[in-house]
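Thanks for coming. I will go through one model this morning, starting with a term and then moving from single residues to the chain as a whole.

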Amino acid sequence: MSAASVQVSAGTGPKDFDPLLLKAIHDTNPSLAEAGLFSLGGEPLQGAVNTAKGKYFEYLVAERLNQGGQVGPLLLQDGQKAVLAESMTQPGWDLQIVDEHGSVVEYLQLKATDSVGYIRSALERYPDIEILATTDVSDSGLVLDSGISDQLLREQVGEAIDGVDVPLSELFLDHFHPLLPLATMALYEGYHLKIGAQSFDTFKLALARRGQRIVVTQLIGAAVYGLGGGLWSVPIAFAGGLAFDRTINQQAMADAYASHRERLLALRLHQQQRLMNEDGPWVS
């Protein structure tokens with residue numbers, strides 16, 4: 001397998017990339033996949049690229065072998081199959097070759113790296129398991145050369161992470177859906193108005209207050225989800241609704257207090273005016 005045989009063209013969305021590449025990114029970075037936000041930088045981005053790069057290399061090797069292709073010196077015999085370890089932390093081996101009866105023919109370590117020191121460390125830990133590695137370390141004489149470049153894999157993973165980046169505005173709009181709860185609330189309040197359970201003024205106040213609450217909680221939930229909060233968006237949106245209720249109640253109490261104060265003041269002025277009228281004009 002040559003390095004060119006695994007190259008994928010850069011594009012503007014997931015459909016433009018090798019499905020195995022996207023699967024490697026999603027499988028090794030599940031939190032990023034759930035959030036839909038790949039706007040990383042610095043060490044977090046480097047870690048994500050390195051992890052996905054290694055898994056992508058494994059997927060490429062297994063697929064090419066199982067399709068009857070040759071990877072470096074490896075070529076499966078009739079009835080044989082390449083099987084990747086189910087666990088990403090499988091000790092010792094990454095791929096096993098099994099025969100038609102399911103018996104293991106060979107174990108292999110798969111390493112996508114340009115570090116000979118890393119290869120030596122892996123062999124020290126598991127000296128009896130051969131390593132199939134990227135061509136960057138083939139000159140060391142310690143590995144089987146896969147013919148795939150580590151640098152190429154790194155570039156492709158980086159391009160894919162950038163390519164599947166979803167804008168925050170798009171994530172926000174995907175999770176901001178106030179129309180259905182607003183319509184449900186309006187029907188509920190309208191029903192109570194129709195059967196005479198509330199006045200028209202109460203109906204209008206309920207629409208305004210509850211409508212504002214729905215929009216606020218939807219805004220908070222969508223914003224938290226868009227920023228990568230995932231399922232935390234639910235309790236945070238709920239807390240936002242409670243805070244909105246508290247703010248509205250405090251405002252209503254303040255308005256009621258101000259209204260009562262104005263009425264008492266007007267009543268006092270009225271009483272004073274009556275007293276002055278009853279006493280008549282003052283004569284010196």
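A residue is called buried under 20% relative accessible area, exposed over 50%, and partly exposed in between, with a 1.4 Å probe and protein chains only. This is a predicted model, where local features need pLDDT of at least 70, side-chain atom pairs count only at pLDDT 80 or more, and totals for chains, interfaces and linings use all residues. Residues are numbered from 1 along each chain as its sequence is written, and side-chain values use heavy atoms, with hydrogens and water left out.

Let me start with E58. E58 sits in helix α3, and its relative accessibility is 10%, so it counts as buried. What does E58 touch, leaving aside its neighbours within four places in sequence? With contact taken as heavy atoms within 4.5 Å, the partners are L84, D94 and L110.

Next, the largest pocket. A pocket here is an open set of points on a 1 Å grid over the protein atoms alone, where a 1.4 Å probe fits, with protein on both sides within 12 Å along at least five of seven lines; lining residues have an atom within 4 Å of a point. The largest one holds about 450 Å³. Its lining has 18 residues, and the closest to the centre are T51, G54, K55, E58 and Y118. Helix α3 (42-66) and strand β3 (104-111) each supply at least two lining residues, and α3 gives the most, with six.

Now the aromatic residues. Rings of Phe, Tyr and Trp (its six-membered ring) pair if their centres lie within 6.5 Å; planes under 30 degrees apart are stacked, over 60 edge-to-face, and the rest tilted. That rule gives two pairs. In one of them, W93 and Y107, the ring centres are 5.3 Å apart and the planes are at 45 degrees, so this pair is tilted. W93 is in the loop between β1 (81-84) and β2 (95-98) while Y107 is in β3, so the pair ties together parts 14 residues apart in sequence. W93 is buried at 15% relative accessible area, whereas Y107 is partly exposed at 37%.

Last, the chain overall. Helices (H or I, at least four residues) and strands (E, at least two) are DSSP runs, numbered from the N terminus. The chain has nine helices and five strands, in the order α-α-α-β-β-β-α-β-β-α-α-α-α-α. Of its 284 residues, 34% count as buried.

Terms used:
Grid points are joined across faces, edges and corners, and a volume is the space filled by probe spheres set on the points.
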